Amino acid sequence: MNIVDDTDGPLDPRIQIELEKLNNATDDINKLEIELDEATTAYNRLKFESNNRLKESINKLGSSVIEKARIYHEAQKIANEANLKCQEQAHLFQKAYVEHKVARETVAVAEKNFMSHQHEWKFDQAWQDAMNRATLQVTETEKLKTKYDREYLKYRNLFEDADKKVQQLEEKYRKSIIKAEPYFSLNAQYEQKLMIQKEVVECLRKAVKDAKCAYAASLNALEEISNQIHERREMIANGPREPGVGAELETFEDNSYYTEDLNKVHLNKDETEDIEVRIEKFNSMHDKN
């Protein structure tokens, strides 16, 4: 891109602004890419360390012990997820229950008020529309209440079954579960660390992307400014445009003369004169003038 300034005047202030933005974006990109490389390296190093430490733990405790305990921990995870879903559906059911109760009370109060003032109030279209909306709200909240109640029962049954299985596995593999606790504790610690470091990496990737977008935007703005300056120079160098060939033969007076003549001719739809008669009339008017 060839950035030009206006030699006939001061530098366009937009150029300096966009150049500063461009420099800032460049600095940000360089800085963030270094941080991203460091964060990615740290994540890979942590993952490598995690694999080695966990392998050492497996070799120390025995793979059979780990696998028996793993079955228990996986069942425990399923039970925990079902329990969370159960709590979520219970909350949604409670919310729908309250909304349904309010909607029913609204309809009941509205009907009661109308019945007590039926000799004074008119049951017009506006009242009918309001009652329809209130009744629809009752119906919709009833559907939601039923839906969330059904989902709650489903996840409660899943949780109860999963929890029962957890208790059975705990009883069956109690010794292995206790013995393998250091492994799963270590695994949980590394999973937490890796998750945090991965979030750092993703955040830096987004920051690099945003900085590159800012750089591209400033670059495009500078290109546009440069094009505008070139166009302005060309207009100044070429000067005003000359009239086209033959333009001097037709003047404003000539146009107005014929316009005035044409305005004197009135062609009515009911006239039966043919086109030759109309032309003669137009010519005779010119002769008189």
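Mentor: Glu223 counts as partly exposed because its relative accessibility is 32%; buried means under 20% relative accessible area, exposed over 50%, and partly exposed in between (1.4 Å probe, protein chains only). The model is predicted, so local features need pLDDT of at least 70 and side-chain atom pairs pLDDT 80 or more, while totals for chains, interfaces and linings use all residues. Residues are numbered from 1 along each chain as its sequence is written, and side-chain values use heavy atoms, without hydrogens and water.

Trainee: Which element holds Glu223?

Mentor: Glu223 lies in helix H5, residues 181–238. Helices are DSSP runs (H or I, at least four residues) and strands are too (E, at least two), numbered from the N terminus. The protein has 7 helices and 0 strands.

Trainee: Which residues form the negative surface patch?

Mentor: Glu223, Glu224, Glu231 and Glu234 form it. Patch residues have over 30% relative accessible area and no salt bridge, with like charges joined within 9 Å; a salt bridge is a side-chain nitrogen of Lys or Arg within 4 Å of a carboxyl oxygen of Asp or Glu.

Trainee: Is Ser50 buried or exposed?

Mentor: Ser50, in helix H1 (residues 13–61), counts as buried because its relative accessibility is 5%. Across the 289 residues of the protein, 21% count as buried.

Trainee: What does Ser50 touch?

Mentor: A contact means heavy atoms within 4.5 Å. Leaving aside residues up to four places away in sequence, Ser50 touches Tyr190 and Leu194.

Conventions. Patch = residues over 30% accessible without salt bridge, like charges linked within 9 Å, V, L, I, M, F, W, Y side chains within 5 Å. Areas by Shrake-Rupley, 256 points an atom, 1.4 Å probe, with all protein chains shown as cover. Lys, Arg positive; Asp, Glu negative; His and termini not counted. Charge placed at Lys NZ, Arg CZ, Asp CG, Glu CD.
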